[in-house]
Amino acid sequence: MSIDTPTRPPRGASPTRSREAFAAHIRRTVLLEAEIAGSGHYGPSLSCADLLAALYSGFLRVDPADADRLDRDRLVLSKGHACSALYAVLADLGFFPAEELRTYTRLGTAYGDHPDMKKVAGIDFSSGALGHGLSIAVGMAVHARLRGDGARTVAIVGDGELNEGQIWEAAGYAGANRLSGLLAIVDVNTVCVDGTTREVLDYEPIGDKWAAFGWAVERIDGHDADAIDAALARFEARHAAGGAPTVLVADTVAGKGIPAIEGMAEWHIGYLGGSDLATALEQLGTRVEEPTDDHAAPRPIATEEGH
Amino acid sequence: MPLERRTTVLTDPSSYDHEGRAGYPTRSIGSILADLADEDPRIMAGSADLTWSTFLADFPARHPDRFIQAGIAERNLLGIAAGLASCGAVPYMSTFSAFASMQSLDVIRNDHAYTNLPVRTIGTHTGISMGYFGSSHHAIEDIGALRSIPNLTVVSPADLVATEALIRGTVDLPGPVYFRLGRGASGPDVYETTSEVVFGEPTVVRRGSDILVVASGITVHAARDAADALRADGRLDVTVVDLHTIRPFPAQAVADLAAQHDAVVVVEDHVVDGGLGTSVLTALADLDVGVPAYRHGLHDFAIFGPPTHLYRYYGLDAEGIATVVERVSDRAPRDRTIPLWEEADRSRVLAEQQAADALRKPEITFA
């Protein structure tokens, strides 16, 4: 199966910044959106910032100029409460002007605290009620296989979200049907709302559960850019060979990048105001750089031409 | 499982963590249920990772052995409740209304109602009260879904006093009960004592003679304030009735009240199809009461915005309700499917708010 047909979106709709600066920019945007709203999902948005930076630094074949094309790769942010991070990504790639985020959560906005696919370009599916997203992604992956254009589907789920039974219904279907084009990423930030995932409902060993459902499992550091890229490349190779769906069990830190709140369930939602916001921005500041005029070259991916 | 909160080392007084600026209330649905559990060994409680958000945290603190933490698994939580109830417990399970009522509807229908077991489901943050969290977190169809289920009792308290009255008033019912709560603990008070709210009987909050306003839950305080404003200005003399018991529907009581007025306005934080107004219309038709009744509620998935802005946008705050009641009085249109809170009203509110928002925080740039 050739997936590099001329109709595919160009690989690497790319951010305007270097990779490290892109992740820092996502985090900075999350903080500023929370300042607009007066409240933010800091913990779960900051934990997946490096994962989103990796996926949208040339890996996902998406086209901001033609956001709805059928043969694009798709991302379902099943943990939709992290969408303030995804908005930052999509704005940077050019799906919509970044300044529209000034309306975030304000009356009449397109940018709510959970994403709406009918309002925001680049959002591939609306989410917010947990447990739904992986089934949606299975449907997208099945359709891609029927089309035969090689489009890939990624679902980002939370580790707490694994408590939802529907996740395992979808996992069972994908494993049994060998949906190689489906990539699930579990953002294991280890906190829910009522406490740590260990306290609330311990689902470890997470990887063993996915393996039992017939998935190829990799456990990675969800903040290590090289480790994420390497795992994405191995997913591509697996997809090309036509095997099991892949799950990346990504160990992350809730609130990553803001030392005062890292790892705290108390900061699933909250507000960093005034001097606390200034401190947090300062801590990110050294890694935030100005965007370049033309888009930076996408990071090379090992299996770029490997199909 | 111990539920403890750590404090964050922060410097700015405007910062707040998950429990918010105001801290955790001393009295809440959790403390009400914990008090009840002190007296009644059947009482249990549980949540799906929203113990704090649904104001239940006092229960596990005081009765840890009688608490179920299901994690993020609402259907499982309510299934566990059915098993507990089949063994003689009376479990109160809380999560956001959108997940309690609609995501878990099949469990409520098959495992609570069909079996007629004394499970109590507490859905908080109903209607559009989650504001900019968006439609995934709004529960604007839950009454419509729940009102059709045999054996199920549905109640909708207007404040914490009413919540206590209705919890105690239904504790010995043999079948399942669904509690539709506004934002859980906060919100303006309507009642002073629990004796004002009797399960099954609508409570007249304001007594007038011109128009009957029917409200329930989070809209009762706004309807009351609208009635007070209309009366203070000498414009209209309005009755406000709190229809806290939604199922079984007190049809005769509503019909009797309606017959004493020129018109009825039903205010609902819900779509108008299948909501409170549908029950009112059915009751008036069934009991042959010829008073016109208007449904004032939602007609579509809501837009995004802060909760108070959304209530204003949809005319569900005191000012909007007063406007709609006046229009009923002035126009008495024959086609009652035409909304009395119009597109022009919504556009005006949106324009005013967007103009105000444009001036906020000019120092923030996202580029």
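Here is what to select, and what you will find there.

**Before you click**

This is a predicted model, where local features need pLDDT of at least 70, side-chain atom pairs count only at pLDDT 80 or more, and totals for chains, interfaces and linings use all residues. Residues are numbered from 1 along each chain as its sequence is written, chains are lettered from A and ligands numbered from 1 in the order in which they are written, and side-chain values use heavy atoms, with hydrogens and water left out.

For the complex, the predictor gives an ipTM of 0.91 and a pTM of 0.92.

**Stop 1: two domains in chain B**

Select 8-180 of chain B for domain 1 and 200-355 for domain 2; such bounds come from an automatic or database domain assignment. Their C-alpha centres lie 26 Å apart.

Now show the place where they touch. Here 30 residues of domain 1 of chain B are in contact with 31 residues of domain 2 of chain B, contact meaning heavy atoms within 4.5 Å. The two domains bury about 2300 Å² between them, with 61% of it on carbon and sulfur atoms. Buried area is the accessible area (1.4 Å probe) that two parts lose on being put together, summed over both.

**Stop 2**

Over all chains the salt bridge count is 38. To see one, select B:Arg180 and B:Asp142, whose closest N and O atoms are 2.9 Å apart. The pair links distant parts of the chain, 38 residues apart: B:Arg180 is in strand β6 (residues 177-180) and B:Asp142 in helix α6. Helices (H or I, at least four residues) and strands (E, at least two) are DSSP runs, numbered from the N terminus.

**Stop 3: where chain B meets chain A**

Bring chain A into view. 54 residues of chain B are in contact with 59 residues of chain A, and the area buried between the chains is about 4600 Å², of which carbon and sulfur atoms give 53%.

How many salt bridges are there between chain B and chain A? The count is 2. Zoom in on A:Glu35 and B:Lys361, which form a salt bridge with their closest N and O atoms 3.0 Å apart. Next, highlight α13 of chain B: with 6 residues, it gives the most to the side of chain B that touches chain A.

**Stop 4**

Most residues other than glycine have a negative phi, and most peptide bonds are trans. Go to B:Phe55, where phi is near 60°, in the loop between β1 (43-47) and α2 (58-62) of chain B.

Then look at the bond from B:Arg247 to B:Pro248, which is cis, with omega near 0°. B:Pro248 sits in the loop between β10 (245-247) and α9 (251-259) of chain B. Finish in chain A, where the peptide bond from A:Glu204 to A:Pro205 is cis too.

Note on methods. Salt bridge = Lys/Arg side-chain N within 4 Å of Asp/Glu carboxyl O.
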